[in-house]
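Work through the following exercises with the sequence and the model side by side, and try each task before reading its solution.

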Amino acid sequence: MKTELGVHLGLSARMARRNLGLTQAAVAERLGVAREVYARLERGHMLPSIHTLRGLCTVLHVPPHALLALDATIETPPGRK
């Protein structure tokens, strides 16, 4: 399952991981997932659970809106508060 969101999330995670000088194995260990699972995430073949996404943001020091391709200043849709 390769989606636009998956590809963006994977590329963002890979860039952040490399900037921190971490290996896929190191990130996977900190997240509590197998290295193969983390590698699939970086390649955009899967999306993380909410729990794993939260951990990924913590480990990689990346805000969730950056991994999810969202603007930090998203406006509330009309009619919603």
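**Exercise 1.** Determine how many helices and strands the protein chain has, and in which pattern they follow one another.

*Solution.* In this predicted model, the protein chain has 5 helices and 0 strands, and reading along the sequence therefore gives the pattern α-α-α-α-α. Of its 81 residues, 35% count as buried, while the chain exposes about 5500 Å², with carbon and sulfur atoms supplying 56% of that area.

**Exercise 2.** Identify the buried residues of helix H4 and what covers them.

*Solution.* Begin with H4 itself, residues 50-60, where the buried residues are Thr 52, Leu 53, Gly 55, Leu 56, Cys 57, Val 59 and Leu 60. Next, look for their cover, which includes helix H1 (4-19), helix H2 (24-31), helix H3 (35-42) and helix H5 (64-67). Finally, follow the chain just past H4, where His 61 takes a positive phi of about 60°.

**Exercise 3.** Find the salt bridges and work out which of their residues form one network.

*Solution.* The count comes to 3 salt bridges. In one of them, the side chains of Glu 42 and Arg 14 meet at 3.2 Å, N to O; since Glu 42 lies in helix H3 and Arg 14 in helix H1, this pair ties together parts that are 28 residues apart in sequence. Glu 42 also forms a salt bridge with Arg 17, with the closest N and O atoms 2.5 Å apart, and this pair links helix H3 to helix H1 across 25 residues. Both Glu 42 and Arg 17 are buried, and Glu 42 has a relative accessibility of 2%. Another salt bridge joins Arg 35 and Glu 36 at 4.0 Å, N to O, and here Arg 35 is partly exposed, at 36% relative accessible area. Through shared partners, salt bridges join Arg 14, Arg 17 and Glu 42 into one network.

Definitions and conventions:
Residues numbered from 1 in each chain as written. Predicted model: local features only at pLDDT ≥ 70, side-chain atom pairs only at ≥ 80, totals over all residues. Heavy atoms only, no water. Buried < 20%, exposed > 50% of the residue type's maximum accessible area, 1.4 Å probe, protein only. Helix = DSSP H or I, 4+ residues; strand = E, 2+ residues; numbered from the N terminus. Contact = heavy atoms within 4.5 Å. Areas by Shrake-Rupley, 256 points an atom, 1.4 Å probe, with all protein chains shown as cover.
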